[in-house]
2 protein chains.
Amino acid sequence: MIDKDKQLVFGHRNPDTDAIDSAIAYSYLMNKLGYNTEAVAQGHPNEETSWVLKYFNHKAPRVITHAYPEVKKVMLVDHNEPQQTIPDIKKVTVTHVVDHHRIANFDTLAPIYYTARPWGCTSTILTVMFHHHNVEIPKQLAGLMMSAIISDTLLLKSPTTTKYDVKAIKELSKICGVDYKTYGIKELKAGTNVAGKSAKHLIDNDAKSYVMNGKHVRIDQINVVDLDDVMKRESEVKKAMEDESKAKGYDLFLVMVTNVLDTNSTLIATGDVSVMDTAFGKPLGADGSVNLPGVVSRKKQVVPPLNKAFDK
Amino acid sequence: MIDKDKQLVFGHRNPDTDAIDSAIAYSYLMNKLGYNTEAVAQGHPNEETSWVLKYFNHKAPRVITHAYPEVKKVMLVDHNEPQQTIPDIKKVTVTHVVDHHRIANFDTLAPIYYTARPWGCTSTILTVMFHHHNVEIPKQLAGLMMSAIISDTLLLKSPTTTKYDVKAIKELSKICGVDYKTYGIKELKAGTNVAGKSAKHLIDNDAKSYVMNGKHVRIDQINVVDLDDVMKRESEVKKAMEDESKAKGYDLFLVMVTNVLDTNSTLIATGDVSVMDTAFGKPLGADGSVNLPGVVSRKKQVVPPLNKAFDK
């Protein structure tokens with residue numbers, strides 16, 4: 001008894017490659033299983049994702065800002081928290097979630113399909129789901145899913161990487177016929193061009209909002225191949241963070257500048273920075289930034305310690 | 001990299017057959033996958049479950065009231081809401097959940113394994129998970145899991161029943177070599193003996209707590225083969241409900257008296273009953289009860305309409 005009403009499938013706001021490619025992949029799988037879905041996105045692809053979509057010759061999903069009244073039911077990929085989803089989420093029913101993030105402030109009235117795994121990438125979970133449902137992964141889709149894993153795990157170098165991601169990336173690489181290692185470096189570099197971009201764009205492009213013990217926390221991540229590409233513009237970036245916090249009411253704004261090649265980050269912080277020391281065991285420098293060698297994962301290395309520090 | 005620290009696996013408070021048998025089954029599966037777990041329970045088996053455990057010659061799980069400091073990590077089956085779990089849940093980390101209920105007030109700091117399906121029984125989800133992991137279901141375990149599906153779906157007659165439950169029950173019946181139909185009637189009857197029990201025991205035995213729009217709602221279900229077995233004691237039952245609400249601060253207390261043979265229920269309500277009319281489209285009788293033909297599922301036919309009514 002599969003519901004034939006059309007449903008939208010989408011990832012989080014400020015979509016990254018996994019948010020977009022997982023929506024495409026999950027929609028494909030659900031349609032094969034008899035559902036009637038369309039993959040959409042809460043924003044245009046970023047530069048990395050655009051590069052990926054072009055490489056595998058797939059068009060970008062339609063951008064939506066609301067789900068209702070177009071549909072009554074939706075499926076979420078790569079997110080669950082209310083502040084990362086469509087503003088009118090309360091007007092529709094979430095029937096399915098596939099995600100690899102913590103679960104927070106996600107409440108349903110009725111039982112639903114919820115498949116979360118603490119793995120590096122939603123597309124890795126989807127790879128396993130295709131197998132469980134005996135649905136073949138087409139070549140083009142395998143390329144997109146492989147690209148999502150490269151993006152989320154920084155080519156398997158992030159500490160979020162699990163053996164499931166390694167297995168999936170190799171399998172998808174084989175299906176799409178593209179060597180993930182050489183392709184992966186090119187993909188990651190495609191998302192690191194910061195030179196021509198305004199500070200306002202940089203601090204918002206991959207930013208996510210969190211509620212931590214009642215505080216509104218905004219965390220953005222900027223991938224680079226040289227930390228100095230952003231750090232030489234630090235005062236300009238901090239100004240943009242302060243303006244944005246004022247406008248949107250963030251209590252704390254963090255920008256992670258991450259070197260995707262040597263996997264370390266510098267955090268720039270503005271707002272209620274009193275928790276930073278407790279969270280990361282290292283004081284902020286006079287300029288309001290701190291270098292954290294080995295830190296590349298917002299989800300695993302930044303959000304949990306911040307949460308703990310706020311809860312103290 | 002499986003964590004070898006011992007973990008406890010358990011179902012909800014006031015355990016029913018699925019809460020206990022799913023914990024046993026999931027613990028078995030996890031141990032086969034390399035984890036180190038023990039199935040425990042938040043209470044002693046009820047009469048139906050005791051009958052089932054005796055039939056399949058399995059001892060009742062150890063009863064726990066706290067998880068910490070015995071373990072640092074736990075796995076939940078058949079529930080997720082804080083008021084249905086151990087009181088010290090905040091002191092431990094939930095690493096896995098397998099459930100078929102709505103998700104509410106369940107927050108984690110880090111990503112976890114969460115497998116929810118809107119099916120009739122947690123043991124049905126587990127049956128599929130055994131297959132995905134290529135783990136054989138032993139005969140005795142198949143009997144327990146089959147019994148859980150019989151209990152939760154009232155022998156496939158509840159509207160919560162899905163094609164997955166039908167498939168699983170048939171398969172488990174084949175493995176354990178027990179005809180689920182004749183066995184199922186006996187199992188359901190084993191849980192309907194209300195004659196020798198105090199009203200206080202009856203209203204608490206299968207009761208669950210919910211928070212709906214800030215209100216504390218308690219819903220109990222009593223299975224019978226004749227509604228009159230309980231309804232002839234209605235004033236005594238209502239008195240016990242009122243006493244309990246006063247002692248525990250419930251805003252609304254509902255007791256579903258369910259005829260397991262002809263699948264219909266009478267609801268007895270005390271407390272803030274103003275929402276009842278809106279929720280069930282039928283006024284309460286002068287005695288504070290209402291008969292709802294076809295209603296047998298707390299989760300699907302009672303909780304969602306009540307939630308909606310409270311949200312209005």
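Q: What makes strand 10 of chain B and strand 11 of chain B count as paired?
A: Five bridges join strand 10 to strand 11 (residues 289-293) of chain B, and the two run antiparallel. Two strands pair if DSSP finds at least two bridges between them, so five bridges meet the rule. One of these bridges has B:Leu267 with B:Val290 in strand 11 as its partner. Helices (H or I, at least four residues) and strands (E, at least two) are DSSP runs, numbered from the N terminus.

A word on the model: it is predicted, with local features needing pLDDT of at least 70 and side-chain atom pairs counting only at pLDDT 80 or more, while totals for chains, interfaces and linings use all residues. Residues are numbered from 1 along each chain as its sequence is written, chains are lettered from A and ligands numbered from 1 in the order in which they are written, and side-chain values use heavy atoms, with hydrogens and water left out.

Q: Why is strand 10 of chain B called largely enclosed?
A: Strand 10 (residues 264-271) of chain B has seven of its eight residues buried, so the rest of the structure largely encloses it. Buried means under 20% relative accessible area, exposed means over 50%, and partly exposed lies in between (1.4 Å probe, protein chains only).

Q: How many bridges join strand 9 of chain B to strand 10 of chain B?
A: Eight bridges do, with strand 9 (residues 252-259) running antiparallel to strand 10 of chain B. In one of them, B:Val257 stands opposite B:Thr266. The hairpin of these two strands has four residues between the strands, and B:Thr263 takes a positive phi near 45° there.

Q: What makes A:Asn14 buried?
A: The relative accessibility of A:Asn14 is 19%, which is under the 20% limit, and therefore this residue counts as buried. A:Asn14 lies in the loop between strand 1 (7-10) and helix 1 (17-32) of chain A. Beyond its neighbours within four places in sequence, its contacts include A:Gln42, A:Asp204 and A:Arg218. Contact here means heavy atoms within 4.5 Å.

Q: Why does the pair of A:Asn14 and A:Ala207 count as a polar contact?
A: The backbone oxygen of A:Ala207 is 2.9 Å from a polar atom of the A:Asn14 side chain. A polar contact is a pair of N or O atoms within 3.5 Å; within protein, one must be able to donate a hydrogen and the other to accept it, and residues adjacent in sequence count only if both atoms are side-chain atoms. The distance of 2.9 Å is therefore within the limit.

Q: How do you know that both faces of strand 1 of chain A are covered?
A: A:Gln7 and A:Val9 on one side are buried, and A:Leu8 and A:Phe10 on the other are buried too. Strand 1 of chain A pairs in the parallel sense with strand 4 (residues 73-77) of chain A over four bridges, and A:Phe10 stands opposite A:Leu76 there. Strand 1 of chain A also pairs in the parallel sense with strand 2 (residues 37-41) of chain A, over three bridges.

Q: Why does A:Glu236 count as partly exposed?
A: Its relative accessibility is 36%, which falls between 20% and 50%, so A:Glu236 counts as partly exposed. A:Glu236 is found in helix 9 (residues 234-248) of chain A, and a polar contact of 3.0 Å joins its side chain to that of A:Arg233.

Q: What makes helix 3 of chain B mostly covered?
A: Eight of the eleven residues of helix 3 (residues 122-132) of chain B are buried, among them B:Ile125, B:Leu126 and B:Phe130. The elements that these buried residues pack against include helix 1 (17-32) and helix 4 (139-153) of chain B.

Q: How many residues of chain B are in contact with chain A?
A: 27 residues of chain B touch 26 residues of chain A. The two chains bury about 2,500 Å² between them, 57% of it on carbon and sulfur atoms. Buried area is the accessible area (1.4 Å probe) that two parts lose on being put together, summed over both. B:Ile103, B:Leu109 and B:Pro111 supply 26% of the area that chain B buries against chain A, more than any other three residues.

Q: Where do strands of chain A and chain B pair in the antiparallel sense?
A: Strand 6 (residues 113-116) of chain A pairs with strand 6 of chain B over three bridges, and A:Tyr114 has B:Ala116 as its bridge partner.
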